[in-house]
Every structure is written in structure tokens, then in C-alpha cells.
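Please read the following report alongside the sequence and the model. It takes up a surface patch, a ligand site and a set of charged pairs in turn.

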Amino acid sequence: MLENRRLLRVLRRTVLQAVPTILGIIILNFLLLKLAPGDAADVMAGEFGAATEETMAMLRQRFGLDVPVLQQLLAYLSNLAQFSLGQSPRYGVPVSELIGQRLPSTLMLMVMALAIAFGLGIALGTAMALTAGRWPDRVLSLVSLFFYSVPGFWIGLMLIVLFSVKLNWLPSGGQETIGAGLTGLDYALDRLKHMILPATSLALFYVAIYGRLTRAAVLEVSSQDYVRTAAAKGLPPLAITLRHVIRNALLPVTTLAGIHLGGILGGAVVIETVYSWPGLGRLAFESVTRRDFNVLLGVLLLSSFLVIIANTLVDLLHAWLDPRVEVR
Amino acid sequence: MTAKLLDVSSLTIAFPRGTPVADFGFAIGEGETVAVVGESGSGKSLTALAIMRLLPRTARIASGSIGFRGRDLLALPEPDMRKVRGREIAMIFQEPMTSLNPVLTVGKQIAEVLRLHEGLSAEAARKRSIELLDLVRVADPHLRVDDFPHRLSGGMRQRVMIAMAVACRPKLLIADEPTTALDVTIQAQVLDLLDRLRRELGMALMLITHDLGIVGQWADRVVVLYAGRGAEEADAGPLLEDPLHPYTKGLLAASPRLDARLHYTAGALREIPGSIATAQREPGCPFVPRCAMALPSCRISPPPLEEIRPRRLLACPPTAAQEQANASAVGR
Ligand SMILES: Nc1ncnc2c1ncn2[C@@H]1O[C@H](COP(=O)(O)OP(=O)(O)OP(=O)(O)O)[C@@H](O)[C@H]1O
Ligand SMILES: [Mg+2]
């Protein structure tokens, strides 16, 4: 109970800090986007081939683009206050609907990527630390340096070449086999198969980072007195590593995971394009080219929500892992 | 002395550079308290870790044997050695602040050793942990059992360490400077506790210390270690009454609680040039550079620890010769 109260305090602190952050993000994003040249009306007019001044004015009026920027901002904020993200001038549907269609795909991709990054990174780092200075450590260090230095889209393309084209094991894009009419477990497996390559491409960079971090942390923790105490109890090496070393070594790694979430989301834009993954990243990319600012703002807002929620989860995880974490 | 429980003989611990423990031997009887005394860097902790077979990776046991209940621990396969650690021989360390895992409750850390060696269920181990906390006189054990180490004071943490160590009723408890990090009043309490547990549980106690002041009150026998070699070994009373090795004399003189009984001035050691670090490269007696009565013969080879009279061992031939002369003078 004491334990839960402590976690609740951590939660409350994080949420209180999040409110001004989100407000700041909205206003900043809005103003920055307004600085960019061109708006939805321009792009649409360009696509029609030609448009009269009157048509343009009419379009702008309909989208609310004709009033001063500050007024647009206030209108947007008051919309938000009513939990509405506005309409997409482009598609004529509520932004929340567009995002709602894409969000689950991206979330799944991110969760999977993060799970791979964590699981593989920690395993890799622990293996490197346990063999520090010997050849497994050297080889794995090289591998992780490779993951760290090559760009995600290139890894993505190479994985497609290897696993889809050459070996024909995994699909090269999309998130499900279209028209296969699969149900139940088969459907889930099909989705999973589609997810492996994009999630891995997204994760490998972070696998390298968590691997290096874990290696350093495990080495540091292994020389602590309490690890010697554990050995003096007669515990076998595996139990010492799992119960006493890794749990402490995870502390510095989890702290950084929160920071990396934004990065993973950014990387998703590229990876979703490479794998034609119908997610938020591609939606954002499309809305930039179409000057569909309402959609873009919605995506950005949601992204910051995601990052903040993830950070909160990481804070909670950290507090749960480390009993010394208290509200300051 | 009763039957030997632990018998360390000619133990030599080597690192790639230097041999901090050389040809060192001593024994501990069942239920006995043996103090191993020596200044910082003399090899006390290394000896203890060698008994537990937990030496740092770079260390190598170059020679010697460690007999324990009829086995040579140095010849034991690692899985068998793990059954000795924590169950037959337990160890507590100098630094209670860092010797407990910060992310596990003290209850879990005590329970861990019970589940490992006695196969208790989680529930039974927890119950037993509470009893053990009570045994080491931790107040409100049923509450403390769920506390994390950072909430406890140094003295409390050392009590938790002790509870963990005695959980499986070991035959031998090695306490490596268990009170050095604690203040004086707590020191006495912790030593009292160790002594009470030794009697109640029938353990032997290897008490490592650099403080001769605590030896007289708690130890049956004393082994004096200098630069990784045995200098003198005797029952506690006679050793304090009548130290023979020049190093023991110096140690006693520097010990504030005892200097009233002796004629040596405090700080005599400080006037002797050299330090324990320079001693290791000497071919002869390691104490020669700091010894006021060194003879040329002392520089040839390190003197062995030899019995000069019953229950009294000394590694200083000049002193031994003098003792012999005195004894025969009295006898005549
Ligand atoms: N990991 C190591 N590598 C190299 N030499 C070491 C190592 N550990 C200890 N030594 C050497 O062994 C000597 C004895 O160390 P030990 O820890 O046994 O001393 P001690 O008697 O326990 O001292 P203290 O009272 O300070 O705890 C040290 O002087 C040091 O030079
Ligand atoms: Mg020591």
C-alpha cells in the first residue's frame, strides 16, 4: 500500500508537469506551421490547374483561413477545448476520424519496435558485459556499432531484399494480406508477420543504443558489493545476474527509453513509407505535402500526447524498479 | 581447543603483480572465535574471500589448502562450493551501506538464502525472515521486513546482513570488519549480537579486524597478519598480556584502549620508516624495514610461524631465541 501511494505520487507529479508542456507544444506547432509558405487552398488550386481569386477566397473562408493568425489559433484552441481536432479541408472529414484510422497501426508498430529494442538490447548488452573483453563481446560490439551507424531506411530495404525477395519468408509491405479473409489466430499471425520487418528496422538503432548502455550498466553493477553478497549466499551465476545485476542495470536504461520514444515516432515516418505501412507517420507526411495543417497539427498533438504518456509509463516503471525514487 | 573446523595452511594468493598473501596458515575450532588482526592492506579480506572462493578474477591461489569439515574447499567443484556458501560458511562485509541490494526489500534478501538452501516456500521463507529479524533485535520486524535498505540505518543494515548470514545456521561465520563503518556504541551492540548468536547457534566466528581493542573482549584466539604472512598466533589473553612479535607490540601500543597497560609510547609505529606496501618486495621478514631489532639474518628468508611453547606461535626467530633463553634461565 505504501508502495502504491508512492507510485501514485509519481504519477500525479508527471501529469501536472504534462499540462503546460502540451499547451506549449500546441501553440508553438501552430505558429510554426503558419510560418510555412502556402496553405491547403493553394495546393488544391494547384491541383485543379487554375482557380480564380474568388474561388480561392471562398475556399479560404470555408476553411477559416481568411482571418488573422491569432484568431485562427484561438478558434483552434476553442475547438480543442471541446475535444475536437477540427476538420480536414482536404478530405472533408473530422481530423480525429482520419487519425483514429491510422493510430492503432502506428501504436502497434511502436510497441513492437520498443519491445524488440528493449528485449534484444538488454540481452545483447548483458551478453557483452558477461563476456567483456573476450571475443563474443568484440563481435557483438561490432554488430551493435553497425546497427548504430547505418540508417533505418537502408536496413529496411536490405531486410526486404533478404527476407522477402530472396528467402520469401516475410511480406515486404502493408499490414495484412489483402483479401485473404483470414480470421482468428491466422489473422493475428498474418498481422504479426507483416509487422516483423518494419518493427525490426525501426528497432535496430535502439537495440544498439540499449545494448551499449546495458553493457556499461551491467559491468558497473557487477562490481557492486551487493553482488558479492549475493554470491556469498551461494546463488548460482544466472540467479545473481537476473535477480541482482540486471534489475539494477535497468535503471539507467529505462531512464533513456522515455527520451527515445519521440525519436522512434519520428523514425516511423520513414519506415512506414518504406513498408507502405498505413500509419500516422505516413499520414503526417501526406498532410505536409498537401498543406493539410489541421491533420498535421492533430498528428503532432497526438504524438506529443503519446510521448508524454510513454514518459509517464517510463517514470512509473522507473519508480517501480527503484524504490529510492521519491517525489522531490 | 576442540576439533578443527577450518584449517587454512600455507595459503598463497597471487595477483599478476605481487602476492599479497603468502604461506599463511591458521585454524579455527568448532564454536571458537578467532580474530584475524592486521593493518589495512595486510590481506585479511583476501584470506576471507579465498575461504569463500570468491576472490577477484585476477587473483589466483598459488598454493595451500583450506580444510573444512574434512574437505579441501579449494578442490571442491563450483556447484558443491555453492552449497557451502551461505549454508555452512556465511560472510558479512565491512560496508553495510553498499552490501545490500537497493532494489529488493530486506525480507526478500533474507528469504532468498532460505529458499535456496532450505527449499522453503515464499510464505515460509517470509515468516522465517521475520523471526530472523527478531533474532538480530530489529524492532518491529514484521514492518521492517518490507522495507528497502535505504530506509535503514547502518547499524540496522548490518543486523540485516547478520540475519541473512545466520539464516541457515552456518558452522562458520566470517565477519570482515563488521563494525568498522559503525559508530562506537553501535559497534559494541553488533559485536554483542554476533557473540550471542555464536553461542546460541553453535557457530565458529572468524572476526576480521584491525582494532586490537575489540580482540580482548570477544576473541578466544588471535592471529596477527603482517603483509600477508602470519606474524604471531596465540590465545587472546596471553597475546594482549605479553605480545612477542615487534609488530604486535607496535599494534598494541597504537591501540588507545590498551596503551595504559604498556610502556610503549603511542605512535611508535609511525616513527618506523616504511609501510606495508614496501614490505612485499623484501626477500626476508616483511617487517624488517620497520623493525627496531632486525638482525642481518632476518633479511635472508621470511621466518615461518613456529610453536615456541604450547598454543603460542611466533614468526620472529630473534624474539623466539630470547624467549628460549629466558625460559631456560627461569628453569635453571
Ligand atoms: N583486485 C586486486 N588486484 C590487485 N591487488 C589486490 C586486489 N585486491 C587486493 N589486492 C592487494 O591485496 C592487498 C590486501 O588486500 P585486502 O583487501 O585483503 O586487505 P585488508 O587486510 O582486508 O585491508 P583493509 O583493512 O583495508 O580491508 C592489498 O594491499 C592490495 O594490494
Ligand atoms: Mg578488508
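Helix 7 (residues 152-166) of chain A contributes the most to a nonpolar surface patch, supplying five residues; helices here are DSSP runs of H or I with at least four residues, strands are runs of E with at least two, and both are numbered from the N terminus. The patch covers about 590 Å² and is made by A:Phe146, A:Phe153, A:Trp154, A:Leu157, A:Met158, A:Val161 and A:Val270. Patches consist of residues with over 30% relative accessible area and no salt bridge, with like charges joined within 9 Å and nonpolar side chains (Val, Leu, Ile, Met, Phe, Trp, Tyr) within 5 Å. A:Met158, which is found in helix 7 of chain A, is partly exposed at a relative accessible area of 36%, where buried means under 20%, exposed over 50% and partly exposed in between (1.4 Å probe, protein chains only).

This is a predicted model, in which local features need pLDDT of at least 70 and side-chain atom pairs count only at pLDDT 80 or more, while totals for chains, interfaces and linings use all residues. Residues are numbered from 1 along each chain as its sequence is written, chains are lettered from A and ligands numbered from 1 in the order in which they are written, and side-chain values use heavy atoms, with hydrogens and water left out.

Ligand 1 is surrounded by 13 residues, the closest being B:Ser40, B:Gly41, B:Lys44, B:Ser45 and B:Glu177; a residue is near a molecule if one of its heavy atoms lies within 4 Å of it. Oxygen atoms of ligand 1 lie 2.4 Å from a polar side-chain atom of B:Ser40, 2.9 Å from an N or O atom in the side chain of B:Lys44, and 2.9 Å from a backbone N or O atom of B:Leu46. Of the 640 Å² of accessible area that ligand 1 has on its own, the protein covers 63%, with areas taken from the Shrake-Rupley method and a 1.4 Å probe; for residues, only the protein chains shown count as cover.

Elsewhere in chain B, B:Gln109 lies in helix 3 (residues 106-118) and is buried, with a relative accessible area of 2%. The side chain of B:Gln109 reaches the backbone oxygen of B:Leu104 at 2.9 Å.

Side chains of opposite charge can pair when their charged atoms come close. Over all chains, the whole structure holds 25 salt bridges, each being a side-chain nitrogen of Lys or Arg within 4 Å of a carboxyl oxygen of Asp or Glu. Three of them are listed here.

| Salt bridge | Closest N to O distance |
|---|---|
| B:Arg82 and B:Glu78 | 3.7 Å |
| B:Asp235 and B:Arg311 | 2.8 Å |

B:Asp235 in strand 10 (residues 229-235) of chain B and B:Arg311 in the loop between strand 11 (306-309) and strand 12 (312-314) are 76 residues apart, and the pair thus links distant parts of the chain. B:Asp235 is buried at 19% relative accessible area, whereas B:Arg311 is partly exposed at 31%.

B:Arg196 and B:Glu200 are four residues apart in helix 7 (residues 184-201) of chain B, so about one helical turn separates them. B:Arg196 is buried at 15%, and B:Glu200 is partly exposed at 46%.

Key. Polar contact = N/O pair within 3.5 Å; in protein donor to acceptor, adjacent residues only side chain to side chain.
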